Amino acid sequence: MIAPMRPRALLVALLLLLACGDDSSPADAGSDALALADGGVDADGWAPGAELCDNGLDDDGDGAVDCADIDCAAAPLDADGGETLEGVPFVERVRFLWEGGACAPLQRDVAPGALDDEPVGVVQGRVLDERGDPLPGARIEVLGRPELGSTLSRTDGEYDLAVSARSLTLRFTFEGRIESQRTLTVEAGTYTEAPDVVLVEPGASTSIDTAAGGIAESTARDSDGERTLSVLFP
């Protein structure tokens with residue numbers, strides 16, 4: 001014999017039923033739960049940890065919100081490279097970088113057609129400060145190629161820049177920090193990983209009477225420790 005449910009328990013059960021009830025069927029709810037548990041997506045196309053691009057929140061916890069997150073600009077870039085992905089030419093896979101889509105382009109001020117008539121590759125890298133922390137907002141461009149525009153490092157210090165496949169020099173600038181340049185060769189249809197670039201603040205200025213001679217010294221600190229640069233004026 002089943003014992004009758006007490007009034008308090010009945011009230012709690014009723015409140016839970018009302019709170020959980022919606023227009024979806026139990027089968028739909030179960031399907032969504034299984035999809036999420038298996039690392040898939042729910043009926044609205046959302047997966048745990050995925051960035052939603054219009055809610056003002058950092059859903060995937062990478063420090064970037066909405067269109068500042070590269071996941072919102074396009075599908076994550078494939079670092080393994082390759083000419084095609086599911087039949088789509090490489091240049092079309094990365095076109096969002098300078099043409100945009102749901103979000104504004106990451107690579108700004110590209111001249112019309114500048115990347116349409118030449119083989120294209122993508123440079124990926126990271127910009128850091130002297131402590132080894134990510135430096136967002138650094139400008140990256142190809143030296144002597146203004147028609148290719150420029151991009152900015154993101155909150156994690158990383159950047160992606162579409163370029164003509166050839167040997168080229170990248171220019172890194174940030175207001176109040178010393179400019180840096182890197183030369184590398186980019187092959188068509190591939191992602192080229194560039195070495196980390198560290199942009200440092202200039203040291204304090206020093207005055208010296210070169211006629212009398214002396215030593216000018218400057219101390220710098222970074223993730224490797226402290227160093228002193230000395231210049232001798234005989």
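A pocket, on a 1 Å grid over the protein atoms alone, is an open set of points where a 1.4 Å probe fits, with protein on both sides within 12 Å along at least five of seven lines; its lining residues have an atom within 4 Å of a point. The model here is predicted, so local features need pLDDT of at least 70 and side-chain atom pairs count only at pLDDT 80 or more, while totals for chains, interfaces and linings use all residues. Residues are numbered from 1 along each chain as its sequence is written, and side-chain values use heavy atoms, with hydrogens and water left out.

Start with the second largest pocket. Its space is about 280 Å³, a volume filled by probe spheres set on grid points that are joined across faces, edges and corners. The lining has 13 residues, and P105, L106, R108, L152 and R154 lie nearest the centre. Strand 6 (residues 150-152) gives the largest share, 3 residues. Strands (E, at least two residues) and helices (H or I, at least four) are DSSP runs numbered from the N terminus. By class, the lining holds 6 nonpolar, 4 polar and 3 charged residues. Here Ala, Val, Leu, Ile, Met, Phe, Trp, Tyr, Cys and Pro count as nonpolar, Asp, Glu, Lys and Arg as charged, and the others, Gly among them, as polar.

D109 sits in the loop between strand 3 (107-108) and strand 4. Its phi is positive, about 60°, though D109 is not a glycine. Most residues other than glycine have a negative phi. D109 counts as exposed, at 66% relative accessibility; exposed means over 50%, buried under 20%, and partly exposed in between (1.4 Å probe, protein chains only).

Now turn to the largest nonpolar core. A core is a set of buried Ala, Val, Leu, Ile, Met, Phe, Trp, Tyr and Cys residues joined through side-chain atoms within 4.5 Å. Of its 32 residues, V94, L97, V123, V127, Y159, L170 and F172 touch the most other members. Elements that give two or more residues include helix 5 (96-99), strand 4 (120-128) and strand 8.

Strand 8 (residues 167-173) runs antiparallel to strand 9 (residues 180-185), joined by 6 bridges; pairing takes at least two DSSP bridges. R171 stands opposite Q181. Between the strands of this hairpin are 6 residues, where G176 takes a positive phi near 85°.

V200 lies in the loop between strand 11 (197-198) and strand 12 (214-222). Beyond its neighbours within four places in sequence, V200 is in contact (heavy atoms within 4.5 Å) with E130, R177 and I178. V200 is partly exposed, at 30% relative accessible area.
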